[in-house]
Amino acid sequence: MPAPKQTTRRSLLATSAVLSSLALAAPAAVAAPKPSDSPSASASPSATPPASMSSVGGARLGRPGTQVNLASGVPVLPKDVSARSWIVADAETGDVLAAHNAHWRLAPASTLKMLFADTLLPKFPSDTKHKVVPADLAGIGAGSSMVGIKEEETYSVHDLWLGVFLRSGNDAVHVLSAMNGGVENTVEAMNEHAEELQALDTHVVSPDGYDAEGQVSSAYDLTLFARSGMQKKDFREYASTVRAKFPGQTKKGKKGKKVRESFEIQNTNRLLAGDSDVPVYEGIAGVKNGNTTNAGATFTGVAERGGKVLLVTVMNPEKPEHNEVYKETARLFDWGFKAAGKVQPVGELVPPKGAAQAKPGANPSGEAGGSGDGGSGTAGTGAKPVASAPAADGSSGIGIALGITGGVLVLLAGGAFLVNRRWPLPDLVRRRTRP
C-alpha cells in the first residue's frame, strides 16, 4: 500500500526562541584544505589519524582522539566503541555532542550514496521512465552490491531510487548517473554539492562509493550529507523504507504473453530492518550504510526520542564482530539521548553556503522536486515505510522521519524567509505503522 500523504507534524521551537535565534548571523566555517587526488588522500589511510585535521565546525573537531565535555550529570561515553571515527550530533540545532576523529578522511563506501541522492534527487520526477541500455551499466566495480537491474528493461526513477536506498545498488546508481549525463558529470556535480555543503573533507571519484584512489570523506561530512538529504521529503521516505517491490525481468508466460513480475527488496540498514543479533532501533528513521574492502563498515543513522533528533555516523569499527557498525551506532545513540541537554557541545554542523537566507517561495514541503505523485517519494506502489513501535516517551517513534520545510522557519514581514544560524531541521513527520 502507498504511504499516506497526510502527516502529523510536531510543533517547531517556541516562537520566542525561534525569533531570537533568527536574529543571529550565520557563523563562517573555518576553511579546510581540499582533498587531493594524490596517494596521500587514497582510500587506504594510515592506521592513525593525522595530528591536524580540518577545523570546520570548531577547533576541537580538528583534533585527533575523542572530544567530549564530561561534567557532573553527563553520562560517560560507552567504552566499547572501536570505530576509527564517529560523531554524535543534534540534527536540529547542529550541536556536536561528542566526536572521535570527526574530520579523519577515510574511504566512505556506500554512505557516499547519501551525497549522490542529495545531489540528483531534484533532477528527475519519480514517475520518469528509463529503458536501460548496456552502456548504462558499464564500469560497475567487481563485487558491487546490486539490486538486479536488467538491460533492455524499463524502470521508473522511483524504482531506481528504491534500488539505491534499500539495496545500495551500484547498478541503480550507474543508471541514474547515465540519465544525468554520465558518471563523470555526476561526480563533478557531487563534488560541487559537497563544497556547497562545506563538506570539505570529501572528494568523490565514483558516485556509488566503490573503493577508488583518492575517494575520501569523513564522519563529519557524512553527517552533513544526511542532514541535508533529510531536508527532502522523498529522500526521507526512501531512506526510511523497510521493504518494497522491485520490477523483475520480462518473461514469456504460459500463453506466450510477456509477463513482468516483481520481487521484494529489503533495506540493508540493520537498525531499520533488524537482524538476528541487532533489533530495530527505537526511534530510527534512516539513513544509509556501506561496506567495502578499504572502508570497512560505515553507517550514518538518524533517530528521534523524546523530542530530540540525533544523527550518528560511525566509520570502520576495528572489532570484527557481525553487525558491529550497527551495535556501536546504537550505543552512541543511547548515550546521545541520555546526554542531550546536559552536555556542552564540542562543535557544530555548519550550514551550507547558501543557507544564510532562503528565497521567498521556497517549497514548503521540503520535497526534492519533480515527483509525479506530488513529491511523496516512496509513496508509490509496493513501498513500505519503517515500522512504528512506541518510543520511550510513548510516541510512535520508529516510524519518524524528519519533515523539512526547505530550511524555512517563519515568514517575516516583507516576504523574506530567514533561517536559524544553524540551518535547523523543522518538524517531524510521523508515518503509518508497518503491517
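Biologist: How much confidence does the prediction carry, on average?

Modeller: The protein averages a pLDDT of 79, and 71% of the residues score at least 70. Where pLDDT is low, the predicted coordinates should not be read in detail. Here, pLDDT stays under 50 over residues 1–44. Residues 357–382 also stay under 50.

Biologist: Back to the helix. Which residues of α5 are buried?

Modeller: General idea: an α-helix has 3.6 residues a turn, so residues three or four places apart point the same way. In α5, the buried residues are Thr186, Val187, Ala189, Met190, Asn191, His193 and Ala194.

Biologist: What covers the buried residues of α5?

Modeller: The cover includes α2 (113–120), α4 (170–179) and α6. Just after α5, Gln198 has a positive phi of about 65°.

Biologist: Where is Ala199, and is Ala199 buried or exposed?

Modeller: Ala199 sits in the loop between α5 (183–196) and α6 (219–229). Buried means under 20% relative accessible area. Ala199 has 2% relative accessibility, so it counts as buried. Leaving aside neighbours within four places in sequence, Ala199 contacts Ala194, Asp221, Leu224 and Phe225. The C-alpha atoms of Ala199 and Pro352 are separated by 8.8 Å, although the two are 153 residues apart along the chain.

Biologist: How many residues does the largest nonpolar core have?

Modeller: That core has 65 residues. Among those with the most contacts inside it are Trp161, Leu176 and Phe225. Helix α3 (residues 157–167) gives the most to this core, with seven residues. Another core, of 32 residues, lies apart from it and includes Ala83, Tyr326, Leu332 and Phe333.

Biologist: What does Leu176 contact, beyond four places in sequence?

Modeller: Leu176 is in contact with Phe116, Leu120, Phe124, Val157, Leu160, Trp161 and Val164.

Biologist: One more loop. Where does Asn269 lie, and is Asn269 buried or exposed?

Modeller: Asn269 lies in the loop between β8 (258–266) and α8 (270–273). Its relative accessible area is 0%, so Asn269 is buried. A polar atom of the Asn269 side chain lies 3.0 Å from the backbone nitrogen of Leu271. Not counting residues up to four places away in sequence, Asn269 touches Gly274, Gly286, Val287, Asn289, Phe299 and Tyr326. Tyr326 is also one of the residues of the 32-residue core.

Notes
Residues numbered from 1 in each chain as written. Predicted model: local features only at pLDDT ≥ 70, side-chain atom pairs only at ≥ 80, totals over all residues. Heavy atoms only, no water. Core = buried A, V, L, I, M, F, W, Y, C linked by side-chain atoms within 4.5 Å. Buried < 20%, exposed > 50% of the residue type's maximum accessible area, 1.4 Å probe, protein only. Helix = DSSP H or I, 4+ residues; strand = E, 2+ residues; numbered from the N terminus. Contact = heavy atoms within 4.5 Å. pLDDT = per-residue confidence, 0-100. Polar contact = N/O pair within 3.5 Å; in protein donor to acceptor, adjacent residues only side chain to side chain.
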